[in-house]
Amino acid sequence: MCSVVGIYKNQNAARKCFYSLFSMQHRGQEAAGISSNEKGEIHTIKDRGLVTEIFKEEHFQNILKGDMAIGHTRYSTAGDDSILDAQPVYAKYGLGELSIVHNGNLTNKDEVRNELIKKGAIFQTNMDTENLIHLIAKNYEKSTLQERIVDAVNRIEGAFSLIIMSRTKMFVIRDRFGFRPLSIGKIRSGGYIVASETCAFELVDAEYVRDIEPGEMVIFENGGMKSIKLFEATPKKCIFEYIYFARPDSDIFGKNVYETRVEMGRALARELPVDADMVVPVPDSGVASALGYSKESGIPFELGIMRNHYVGRTFIEPTQEVRDLKVKMKLTPIKHKIKGKKLVVIDDSIVRGTTSKRIVRMLKEAGADEVHMRIASPASKGACFYGVDTPNPDELIASRMETEEICKYIGADSLAYLSIDGMVESIKDKKNDYCFACFDLEYPIKVK
Ligand code: SF4
(Lines give C-alpha, C1' and ligand atoms only; values in the text may rest on other atoms or scores of the structure.)
Protein backbone atom coordinates (compact mmCIF):
# COMPACT_ATOMS: atom_id res chain seq x y z
CA MET A 1 0.00 0.00 0.00
CA CYS A 2 2.40 2.60 -1.26
CA SER A 3 2.57 4.62 -4.40
CA VAL A 4 5.50 5.35 -6.67
CA VAL A 5 5.93 7.91 -9.41
CA GLY A 6 8.71 8.84 -11.80
CA ILE A 7 8.85 11.87 -14.11
CA TYR A 8 11.33 11.86 -16.98
CA LYS A 9 12.37 14.85 -19.10
CA ASN A 10 9.94 17.47 -17.92
CA GLN A 11 11.13 20.86 -16.71
CA ASN A 12 8.81 20.74 -13.70
CA ALA A 13 9.64 17.17 -12.79
CA ALA A 14 9.55 17.54 -8.98
CA ARG A 15 6.32 19.57 -8.98
CA LYS A 16 4.73 16.99 -11.25
CA CYS A 17 5.86 14.32 -8.79
CA PHE A 18 4.20 16.31 -6.02
CA TYR A 19 0.86 16.50 -7.84
CA SER A 20 1.01 12.82 -8.70
CA LEU A 21 1.73 11.85 -5.10
CA PHE A 22 -1.14 14.06 -3.98
CA SER A 23 -3.45 12.11 -6.34
CA MET A 24 -2.20 8.84 -4.89
CA GLN A 25 -2.28 9.88 -1.23
CA HIS A 26 -4.92 7.18 -0.58
CA ARG A 27 -2.17 4.54 -1.04
CA GLY A 28 -0.23 5.68 2.02
CA GLN A 29 -0.36 8.55 4.47
CA GLU A 30 2.56 7.89 6.81
CA ALA A 31 5.37 9.50 4.88
CA ALA A 32 6.27 10.84 1.47
CA GLY A 33 9.36 11.89 -0.42
CA ILE A 34 10.72 13.18 -3.71
CA SER A 35 14.22 12.87 -5.22
CA SER A 36 15.00 15.22 -8.07
CA ASN A 37 17.85 15.16 -10.51
CA GLU A 38 19.36 18.39 -11.71
CA LYS A 39 22.16 17.84 -14.21
CA GLY A 40 23.22 14.60 -12.55
CA GLU A 41 22.95 15.79 -8.95
CA ILE A 42 20.29 14.07 -6.89
CA HIS A 43 18.53 15.87 -4.01
CA THR A 44 15.92 14.33 -1.74
CA ILE A 45 13.24 15.70 0.59
CA LYS A 46 11.23 13.21 2.62
CA ASP A 47 9.37 13.27 5.89
CA ARG A 48 6.53 11.80 7.85
CA GLY A 49 3.06 13.18 7.10
CA LEU A 50 0.84 13.97 4.16
CA VAL A 51 2.19 15.18 0.84
CA THR A 52 0.72 18.67 1.28
CA GLU A 53 2.25 18.95 4.77
CA ILE A 54 5.76 17.94 3.73
CA PHE A 55 6.53 19.93 0.59
CA LYS A 56 6.88 23.71 0.59
CA GLU A 57 7.29 26.14 -2.27
CA GLU A 58 10.93 26.80 -1.32
CA HIS A 59 11.73 23.10 -1.79
CA PHE A 60 10.76 23.37 -5.44
CA GLN A 61 12.43 26.77 -5.86
CA ASN A 62 15.74 25.84 -4.26
CA ILE A 63 16.25 22.09 -3.93
CA LEU A 64 13.98 19.90 -6.02
CA LYS A 65 14.98 21.15 -9.45
CA GLY A 66 15.82 19.51 -12.77
CA ASP A 67 13.97 17.48 -15.38
CA MET A 68 13.91 14.08 -13.70
CA ALA A 69 12.32 13.11 -10.36
CA ILE A 70 10.91 10.14 -8.49
CA GLY A 71 8.49 10.09 -5.55
CA HIS A 72 6.81 7.85 -3.03
CA THR A 73 3.97 7.84 -0.52
CA ARG A 74 4.35 5.32 2.23
CA TYR A 75 2.19 3.13 4.33
CA SER A 76 4.48 0.79 6.23
CA THR A 77 4.22 -2.87 5.28
CA ALA A 78 7.92 -3.72 5.70
CA GLY A 79 10.26 -1.90 8.01
CA ASP A 80 8.78 0.38 10.63
CA ASP A 81 7.34 3.85 10.69
CA SER A 82 10.59 5.70 11.41
CA ILE A 83 11.60 8.53 9.09
CA LEU A 84 14.59 6.41 8.10
CA ASP A 85 12.13 4.06 6.45
CA ALA A 86 10.58 6.77 4.28
CA GLN A 87 11.41 6.68 0.58
CA PRO A 88 13.06 7.49 -1.84
CA VAL A 89 16.14 5.62 -0.62
CA TYR A 90 19.20 7.51 -1.81
CA ALA A 91 22.82 6.29 -1.94
CA LYS A 92 26.23 7.22 -3.27
CA TYR A 93 28.07 4.15 -4.56
CA GLY A 94 30.94 3.12 -6.84
CA LEU A 95 29.28 4.22 -10.09
CA GLY A 96 27.81 7.49 -8.80
CA GLU A 97 24.46 8.22 -7.15
CA LEU A 98 21.06 6.62 -7.25
CA SER A 99 17.67 6.89 -5.66
CA ILE A 100 15.02 4.16 -5.45
CA VAL A 101 11.28 3.99 -4.81
CA HIS A 102 9.50 0.68 -4.31
CA ASN A 103 5.91 -0.51 -4.01
CA GLY A 104 5.47 -4.12 -2.84
CA ASN A 105 7.13 -6.48 -0.37
CA LEU A 106 10.14 -8.71 -0.95
CA THR A 107 9.42 -12.21 0.31
CA ASN A 108 13.11 -13.18 0.68
CA LYS A 109 14.12 -9.95 2.43
CA ASP A 110 15.55 -11.69 5.53
CA GLU A 111 17.44 -14.32 3.57
CA VAL A 112 19.13 -11.69 1.34
CA ARG A 113 19.78 -9.33 4.24
CA ASN A 114 21.44 -12.01 6.39
CA GLU A 115 23.65 -12.96 3.46
CA LEU A 116 24.65 -9.31 2.93
CA ILE A 117 25.31 -8.79 6.65
CA LYS A 118 27.62 -11.85 6.68
CA LYS A 119 29.59 -10.16 3.91
CA GLY A 120 29.96 -6.97 5.96
CA ALA A 121 26.99 -4.85 4.82
CA ILE A 122 25.66 -2.34 7.36
CA PHE A 123 21.98 -1.40 7.19
CA GLN A 124 20.41 1.88 8.28
CA THR A 125 16.76 0.95 7.87
CA ASN A 126 14.44 -2.02 8.19
CA MET A 127 13.20 -1.61 4.66
CA ASP A 128 13.48 -4.38 2.11
CA THR A 129 14.29 -1.66 -0.45
CA GLU A 130 17.68 -1.12 1.20
CA ASN A 131 18.65 -4.68 0.21
CA LEU A 132 18.53 -3.56 -3.39
CA ILE A 133 20.92 -0.69 -2.81
CA HIS A 134 23.46 -3.11 -1.32
CA LEU A 135 22.99 -5.69 -4.05
CA ILE A 136 23.65 -3.00 -6.66
CA ALA A 137 26.54 -1.28 -4.86
CA LYS A 138 28.45 -4.45 -3.97
CA ASN A 139 28.31 -6.06 -7.41
CA TYR A 140 31.86 -5.10 -8.42
CA GLU A 141 31.95 -7.70 -11.21
CA LYS A 142 29.52 -5.70 -13.35
CA SER A 143 30.63 -2.35 -14.69
CA THR A 144 27.30 -0.78 -15.68
CA LEU A 145 24.35 0.14 -13.50
CA GLN A 146 21.97 -1.64 -15.86
CA GLU A 147 23.83 -4.95 -15.44
CA ARG A 148 23.94 -4.49 -11.68
CA ILE A 149 20.20 -3.77 -11.51
CA VAL A 150 19.46 -6.88 -13.57
CA ASP A 151 21.59 -9.02 -11.21
CA ALA A 152 19.96 -7.42 -8.16
CA VAL A 153 16.37 -7.99 -9.25
CA ASN A 154 17.26 -11.58 -10.11
CA ARG A 155 18.29 -12.06 -6.49
CA ILE A 156 15.10 -10.66 -4.95
CA GLU A 157 11.70 -12.35 -4.82
CA GLY A 158 8.21 -11.12 -4.14
CA ALA A 159 6.32 -8.03 -5.18
CA PHE A 160 8.13 -5.06 -6.62
CA SER A 161 7.08 -2.16 -8.76
CA LEU A 162 10.36 -0.23 -8.74
CA ILE A 163 11.70 3.03 -10.09
CA ILE A 164 15.47 3.63 -9.91
CA MET A 165 16.87 7.01 -10.86
CA SER A 166 20.57 7.39 -11.67
CA ARG A 167 22.41 10.54 -12.74
CA THR A 168 21.23 10.14 -16.34
CA LYS A 169 18.57 7.42 -16.53
CA MET A 170 15.40 6.11 -15.01
CA PHE A 171 14.87 2.32 -14.71
CA VAL A 172 11.34 1.04 -14.15
CA ILE A 173 10.77 -2.60 -13.23
CA ARG A 174 7.74 -4.73 -12.41
CA ASP A 175 8.10 -8.21 -10.88
CA ARG A 176 7.12 -11.19 -12.99
CA PHE A 177 3.82 -11.63 -11.11
CA GLY A 178 2.81 -8.00 -11.62
CA PHE A 179 1.24 -7.86 -8.15
CA ARG A 180 1.27 -4.06 -8.01
CA PRO A 181 0.12 -1.85 -10.87
CA LEU A 182 2.47 0.47 -12.79
CA SER A 183 1.56 2.50 -15.86
CA ILE A 184 3.32 4.83 -18.31
CA GLY A 185 1.86 8.13 -19.50
CA LYS A 186 3.05 10.81 -21.89
CA ILE A 187 2.99 14.33 -20.43
CA ARG A 188 1.57 16.86 -22.87
CA SER A 189 4.10 19.54 -21.85
CA GLY A 190 6.95 17.07 -22.47
CA GLY A 191 8.44 13.84 -21.18
CA TYR A 192 6.96 10.81 -19.46
CA ILE A 193 5.32 9.80 -16.20
CA VAL A 194 5.33 6.34 -14.63
CA ALA A 195 2.92 5.90 -11.73
CA SER A 196 1.23 3.27 -9.57
CA GLU A 197 -2.19 4.51 -10.62
CA THR A 198 -3.42 6.32 -13.69
CA CYS A 199 -5.35 8.81 -11.50
CA ALA A 200 -1.91 10.49 -11.15
CA PHE A 201 -1.97 11.34 -14.86
CA GLU A 202 -4.87 13.78 -14.64
CA LEU A 203 -3.21 16.46 -12.52
CA VAL A 204 -0.04 16.48 -14.61
CA ASP A 205 -1.95 16.46 -17.90
CA ALA A 206 -0.61 13.16 -19.15
CA GLU A 207 -2.10 10.65 -21.53
CA TYR A 208 -2.05 6.93 -20.74
CA VAL A 209 0.36 5.02 -22.98
CA ARG A 210 0.45 1.49 -21.54
CA ASP A 211 1.15 -0.61 -18.44
CA ILE A 212 4.63 -1.84 -17.59
CA GLU A 213 4.28 -5.59 -18.20
CA PRO A 214 4.93 -8.14 -15.45
CA GLY A 215 8.64 -9.06 -15.74
CA GLU A 216 9.48 -6.00 -17.85
CA MET A 217 12.16 -3.34 -17.35
CA VAL A 218 11.70 -0.01 -19.14
CA ILE A 219 14.72 2.27 -19.34
CA PHE A 220 14.24 5.98 -19.94
CA GLU A 221 17.41 7.42 -21.47
CA ASN A 222 18.47 9.93 -24.13
CA GLY A 223 14.95 11.40 -24.17
CA GLY A 224 13.19 8.13 -25.05
CA MET A 225 12.41 4.73 -23.61
CA LYS A 226 13.35 1.14 -24.37
CA SER A 227 11.94 -2.11 -23.05
CA ILE A 228 13.77 -5.22 -21.88
CA LYS A 229 12.08 -8.46 -20.84
CA LEU A 230 13.73 -9.49 -17.59
CA PHE A 231 11.54 -12.40 -16.53
CA GLU A 232 8.97 -14.69 -18.08
CA ALA A 233 5.64 -13.20 -16.96
CA THR A 234 3.55 -15.36 -14.59
CA PRO A 235 0.83 -12.84 -13.71
CA LYS A 236 -0.73 -12.83 -10.25
CA LYS A 237 -2.20 -9.35 -10.14
CA CYS A 238 -3.64 -8.25 -6.80
CA ILE A 239 -7.44 -8.49 -6.88
CA PHE A 240 -7.63 -6.26 -3.81
CA GLU A 241 -6.53 -3.31 -5.95
CA TYR A 242 -10.00 -3.48 -7.51
CA ILE A 243 -11.84 -4.14 -4.30
CA TYR A 244 -10.37 -1.50 -2.04
CA PHE A 245 -7.05 0.22 -2.71
CA ALA A 246 -7.16 1.87 -6.06
CA ARG A 247 -9.06 5.06 -6.75
CA PRO A 248 -12.24 4.52 -8.79
CA ASP A 249 -11.05 6.87 -11.53
CA SER A 250 -7.88 4.83 -12.07
CA ASP A 251 -7.49 2.17 -14.73
CA ILE A 252 -5.73 -0.75 -13.07
CA PHE A 253 -4.42 -3.75 -15.02
CA GLY A 254 -6.18 -2.32 -18.05
CA LYS A 255 -9.63 -1.91 -16.46
CA ASN A 256 -11.42 0.98 -14.87
CA VAL A 257 -11.76 0.48 -11.12
CA TYR A 258 -15.19 2.14 -10.83
CA GLU A 259 -16.68 0.01 -13.62
CA THR A 260 -15.20 -3.11 -12.07
CA ARG A 261 -16.74 -2.31 -8.69
CA VAL A 262 -20.15 -1.70 -10.30
CA GLU A 263 -19.85 -5.12 -11.98
CA MET A 264 -18.96 -6.70 -8.62
CA GLY A 265 -22.13 -5.18 -7.19
CA ARG A 266 -24.16 -6.62 -10.07
CA ALA A 267 -22.62 -10.06 -9.52
CA LEU A 268 -23.40 -9.75 -5.80
CA ALA A 269 -27.06 -9.04 -6.57
CA ARG A 270 -27.26 -12.07 -8.88
CA GLU A 271 -25.56 -14.40 -6.41
CA LEU A 272 -27.10 -13.11 -3.19
CA PRO A 273 -30.50 -11.47 -3.69
CA VAL A 274 -32.37 -9.89 -0.78
CA ASP A 275 -35.95 -8.75 -0.44
CA ALA A 276 -35.31 -5.13 0.62
CA ASP A 277 -36.64 -1.58 0.26
CA MET A 278 -33.36 0.11 -0.52
CA VAL A 279 -29.68 -0.49 -1.26
CA VAL A 280 -27.41 1.53 1.04
CA PRO A 281 -23.65 1.75 0.50
CA VAL A 282 -21.08 2.00 3.25
CA PRO A 283 -19.34 5.14 2.02
CA ASP A 284 -17.08 5.57 0.17
CA SER A 285 -15.69 2.24 -0.95
CA GLY A 286 -19.08 0.49 -1.07
CA VAL A 287 -20.73 3.12 -3.30
CA ALA A 288 -19.89 1.73 -6.75
CA SER A 289 -20.79 -1.86 -5.77
CA ALA A 290 -24.05 -0.65 -4.21
CA LEU A 291 -24.93 1.11 -7.46
CA GLY A 292 -24.27 -2.14 -9.31
CA TYR A 293 -26.40 -4.08 -6.82
CA SER A 294 -29.22 -1.59 -7.23
CA LYS A 295 -29.07 -1.65 -11.05
CA GLU A 296 -29.10 -5.43 -11.17
CA SER A 297 -31.78 -5.97 -8.51
CA GLY A 298 -34.01 -3.01 -9.32
CA ILE A 299 -34.03 -2.02 -5.60
CA PRO A 300 -33.62 1.77 -5.22
CA PHE A 301 -30.20 3.11 -4.27
CA GLU A 302 -30.12 5.56 -1.36
CA LEU A 303 -27.29 7.25 0.50
CA GLY A 304 -28.50 6.21 3.94
CA ILE A 305 -25.16 6.74 5.65
CA MET A 306 -23.12 9.94 5.56
CA ARG A 307 -19.36 10.00 5.86
CA ASN A 308 -17.35 12.74 7.48
CA HIS A 309 -14.44 13.19 5.08
CA TYR A 310 -12.15 14.82 7.57
CA VAL A 311 -11.38 11.53 9.28
CA GLY A 312 -8.88 9.04 7.77
CA ARG A 313 -9.65 5.52 6.59
CA THR A 314 -10.34 3.12 9.45
CA PHE A 315 -8.71 0.12 7.80
CA ILE A 316 -5.27 1.67 7.78
CA GLU A 317 -5.18 3.18 11.24
CA PRO A 318 -2.69 1.42 13.43
CA THR A 319 -4.39 0.77 16.81
CA GLN A 320 -7.76 -0.67 17.79
CA GLU A 321 -8.52 2.25 20.11
CA VAL A 322 -8.05 4.86 17.39
CA ARG A 323 -10.04 2.74 14.94
CA ASP A 324 -13.01 2.41 17.28
CA LEU A 325 -13.21 6.12 17.87
CA LYS A 326 -12.87 6.93 14.20
CA VAL A 327 -15.79 4.72 13.18
CA LYS A 328 -18.04 6.78 15.46
CA MET A 329 -16.64 10.04 14.16
CA LYS A 330 -16.82 8.98 10.55
CA LEU A 331 -20.25 7.54 9.74
CA THR A 332 -23.75 8.78 10.60
CA PRO A 333 -27.18 7.54 9.41
CA ILE A 334 -29.80 9.64 7.63
CA LYS A 335 -32.55 8.63 10.03
CA HIS A 336 -35.70 9.71 8.18
CA LYS A 337 -34.56 7.79 5.07
CA ILE A 338 -33.98 4.47 6.74
CA LYS A 339 -36.60 4.41 9.51
CA GLY A 340 -38.93 1.42 9.13
CA LYS A 341 -37.11 0.17 6.02
CA LYS A 342 -35.53 -3.14 5.06
CA LEU A 343 -31.97 -2.32 4.01
CA VAL A 344 -29.41 -4.18 2.01
CA VAL A 345 -26.11 -2.61 3.04
CA ILE A 346 -23.14 -3.01 0.70
CA ASP A 347 -19.54 -2.86 1.83
CA ASP A 348 -16.35 -3.76 -0.01
CA SER A 349 -14.92 -6.05 2.65
CA ILE A 350 -15.06 -7.02 6.34
CA VAL A 351 -11.71 -6.94 8.10
CA ARG A 352 -12.02 -7.16 11.88
CA GLY A 353 -15.80 -6.87 11.98
CA THR A 354 -15.70 -3.83 14.29
CA THR A 355 -16.82 -1.34 11.67
CA SER A 356 -19.64 -3.57 10.37
CA LYS A 357 -20.89 -4.17 13.92
CA ARG A 358 -21.05 -0.44 14.60
CA ILE A 359 -22.75 0.26 11.28
CA VAL A 360 -25.46 -2.37 11.86
CA ARG A 361 -26.05 -1.10 15.41
CA MET A 362 -26.19 2.50 14.18
CA LEU A 363 -28.73 1.65 11.45
CA LYS A 364 -30.93 -0.34 13.82
CA GLU A 365 -30.81 2.44 16.42
CA ALA A 366 -31.84 4.81 13.63
CA GLY A 367 -34.98 2.72 13.09
CA ALA A 368 -34.09 0.32 10.24
CA ASP A 369 -36.41 -2.73 10.30
CA GLU A 370 -33.89 -5.14 8.81
CA VAL A 371 -30.21 -4.85 7.92
CA HIS A 372 -28.83 -7.35 5.41
CA MET A 373 -25.08 -7.06 4.83
CA ARG A 374 -23.75 -7.95 1.40
CA ILE A 375 -19.99 -7.85 0.88
CA ALA A 376 -18.56 -7.24 -2.60
CA SER A 377 -15.60 -9.58 -2.04
CA PRO A 378 -15.09 -13.02 -0.46
CA ALA A 379 -14.32 -13.40 3.27
CA SER A 380 -10.79 -12.10 4.08
CA LYS A 381 -8.98 -14.94 5.83
CA GLY A 382 -5.25 -14.51 5.29
CA ALA A 383 -2.40 -12.02 5.52
CA CYS A 384 -0.82 -10.46 2.45
CA PHE A 385 2.93 -10.86 1.96
CA TYR A 386 3.05 -8.85 -1.24
CA GLY A 387 2.76 -5.26 -0.13
CA VAL A 388 -0.64 -4.80 1.48
CA ASP A 389 -0.92 -4.13 5.16
CA THR A 390 -3.59 -6.64 6.07
CA PRO A 391 -3.81 -7.23 9.81
CA ASN A 392 -2.44 -10.32 11.49
CA PRO A 393 -4.72 -13.25 10.41
CA ASP A 394 -5.85 -13.70 14.05
CA GLU A 395 -7.42 -10.25 13.84
CA LEU A 396 -9.34 -11.10 10.66
CA ILE A 397 -12.79 -12.09 11.81
CA ALA A 398 -13.31 -14.55 8.94
CA SER A 399 -10.18 -16.49 9.92
CA ARG A 400 -11.80 -17.31 13.28
CA MET A 401 -15.53 -17.45 12.56
CA GLU A 402 -17.90 -18.90 10.00
CA THR A 403 -20.23 -16.52 8.15
CA GLU A 404 -23.19 -17.41 10.42
CA GLU A 405 -21.19 -16.52 13.53
CA ILE A 406 -19.95 -13.27 11.99
CA CYS A 407 -23.52 -12.36 11.12
CA LYS A 408 -24.53 -12.89 14.74
CA TYR A 409 -21.50 -10.94 15.99
CA ILE A 410 -22.22 -7.90 13.83
CA GLY A 411 -25.95 -8.12 14.63
CA ALA A 412 -27.15 -8.25 11.00
CA ASP A 413 -30.30 -10.04 9.81
CA SER A 414 -28.22 -11.77 7.15
CA LEU A 415 -24.67 -11.65 5.82
CA ALA A 416 -23.20 -12.99 2.61
CA TYR A 417 -20.03 -12.53 0.54
CA LEU A 418 -19.38 -12.40 -3.20
CA SER A 419 -17.65 -15.56 -4.42
CA ILE A 420 -14.22 -15.64 -6.10
CA ASP A 421 -15.93 -16.72 -9.33
CA GLY A 422 -18.31 -13.78 -8.99
CA MET A 423 -15.30 -11.44 -8.80
CA VAL A 424 -13.66 -13.08 -11.79
CA GLU A 425 -16.87 -12.73 -13.78
CA SER A 426 -16.84 -9.01 -12.90
CA ILE A 427 -13.26 -8.32 -14.00
CA LYS A 428 -13.76 -10.28 -17.23
CA ASP A 429 -10.22 -11.57 -17.22
CA LYS A 430 -8.31 -14.83 -16.77
CA LYS A 431 -8.73 -16.17 -13.23
CA ASN A 432 -5.20 -17.58 -13.22
CA ASP A 433 -3.68 -14.14 -13.77
CA TYR A 434 -4.86 -12.92 -10.35
CA CYS A 435 -3.83 -13.40 -6.75
CA PHE A 436 -6.70 -14.21 -4.36
CA ALA A 437 -4.45 -15.45 -1.56
CA CYS A 438 -5.95 -13.39 1.25
CA PHE A 439 -9.27 -15.11 0.43
CA ASP A 440 -8.31 -18.64 -0.64
CA LEU A 441 -4.90 -18.89 1.12
CA GLU A 442 -3.30 -20.11 -2.16
CA TYR A 443 -0.10 -18.06 -1.88
CA PRO A 444 1.80 -17.79 -5.17
CA ILE A 445 5.20 -17.24 -3.45
CA LYS A 446 6.38 -18.52 -0.10
CA VAL A 447 8.06 -16.18 2.38
CA LYS A 448 11.71 -17.11 3.10
FE1 SF4 B 1 -3.61 -8.77 -3.11
FE2 SF4 B 1 -4.56 -10.40 -1.22
FE3 SF4 B 1 -2.81 -11.31 -3.05
FE4 SF4 B 1 -2.03 -9.57 -1.18
S5 SF4 B 1 -2.73 -11.69 -0.83
S6 SF4 B 1 -1.53 -9.51 -3.36
S7 SF4 B 1 -3.89 -8.29 -0.94
S8 SF4 B 1 -4.93 -10.56 -3.41
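This is a predicted model: local features need pLDDT of at least 70, side-chain atom pairs count only at pLDDT 80 or more; totals for chains, interfaces and linings use all residues.
Residues are numbered from 1 along each chain as its sequence is written. Local features need pLDDT of at least 70 and side-chain atom pairs pLDDT 80 or more, while totals for chains, interfaces and linings use all residues; side-chain values use heavy atoms, without hydrogens and water.

The space taken by the ligand is the largest cavity. A molecule sits in a cavity or pocket if more than half of its atoms lie within 2 Å of its grid points. The search uses a 1 Å grid over the protein atoms alone. In a cavity, a 1.4 Å probe fits but cannot get out. A pocket is an open set of points with protein on both sides within 12 Å along at least five of seven lines. Lining residues have an atom within 4 Å of a point.

Over the whole structure, three cavities of 30 Å³ or more are found. The largest cavity has about 90 Å³ of space. Volume here is the space filled by probe spheres set on the grid points, which are joined across faces, edges and corners. The lining of the largest cavity has 13 residues, and Cys 238, Cys 384, Cys 435, Ala 437 and Cys 438 lie nearest its centre. That lining divides into 12 nonpolar, no polar and one charged.

The second largest pocket has a volume of about 370 Å³. It is lined by 22 residues, with Val 89, Tyr 90, Ala 91, Glu 130 and Ile 133 closest to its centre. Its lining divides into 12 nonpolar, six polar and four charged residues. Strands β3 (41-48) and β5 (89-93) and helix α5 (129-137) each supply at least two of the lining residues. Helices (H or I, at least four residues) and strands (E, at least two) are DSSP runs, numbered from the N terminus.

## Helix α16

Helix α16 (residues 420-427) is largely enclosed by the rest of the structure, because six of its eight residues are buried. Buried means under 20% relative accessible area, exposed over 50%, and partly exposed in between, with a 1.4 Å probe and protein chains only. The buried residues of α16 are Ile 420, Gly 422, Met 423, Val 424, Ser 426 and Ile 427. They pack against α8 (240-245), β16 (255-256), α9 (257-271), β23 (434-435) and α17 (437-440). Contact means heavy atoms within 4.5 Å.

Val 262 lies in helix α9. Val 262 counts as buried, at 5% relative accessibility. Leaving aside neighbours within four places in sequence, Val 262 is in contact with Ala 288 and Gly 292. Val 262 and Ala 288 are 26 residues apart in sequence, yet 4.9 Å apart in space, C-alpha to C-alpha.

His 336 is found in helix α12 (residues 335-338). His 336 counts as exposed, at 67% relative accessibility. From His 336 to Val 447 is 111 residues in sequence and 51 Å in space, C-alpha to C-alpha.

## Backbone exceptions

Most residues other than glycine have a negative phi, and most peptide bonds are trans.

| Residue | Phi |
|---|---|
| Lys 39 | near 50 degrees |
| Asn 222 | near 50 degrees |
| Lys 428 | about 50 degrees |

Lys 39 sits in the loop between β2 (31-38) and β3. Lys 39 is exposed, with a relative accessible area of 82%. Asn 222 is in the loop between β12 (216-221) and β13 (224-229). Asn 222 counts as exposed, at 78% relative accessibility.

One joins Gln 87 and Pro 88, with omega about 5 degrees. Pro 88 is in the loop between β4 (68-74) and β5. The peptide bond from Pro 283 to Asp 284 is cis too, with omega near -5 degrees. Asp 284 is in the loop between β17 (278-281) and α10 (287-297).

How values were computed
Ala, Val, Leu, Ile, Met, Phe, Trp, Tyr, Cys and Pro count as nonpolar, Asp, Glu, Lys and Arg as charged, and the others, Gly among them, as polar.
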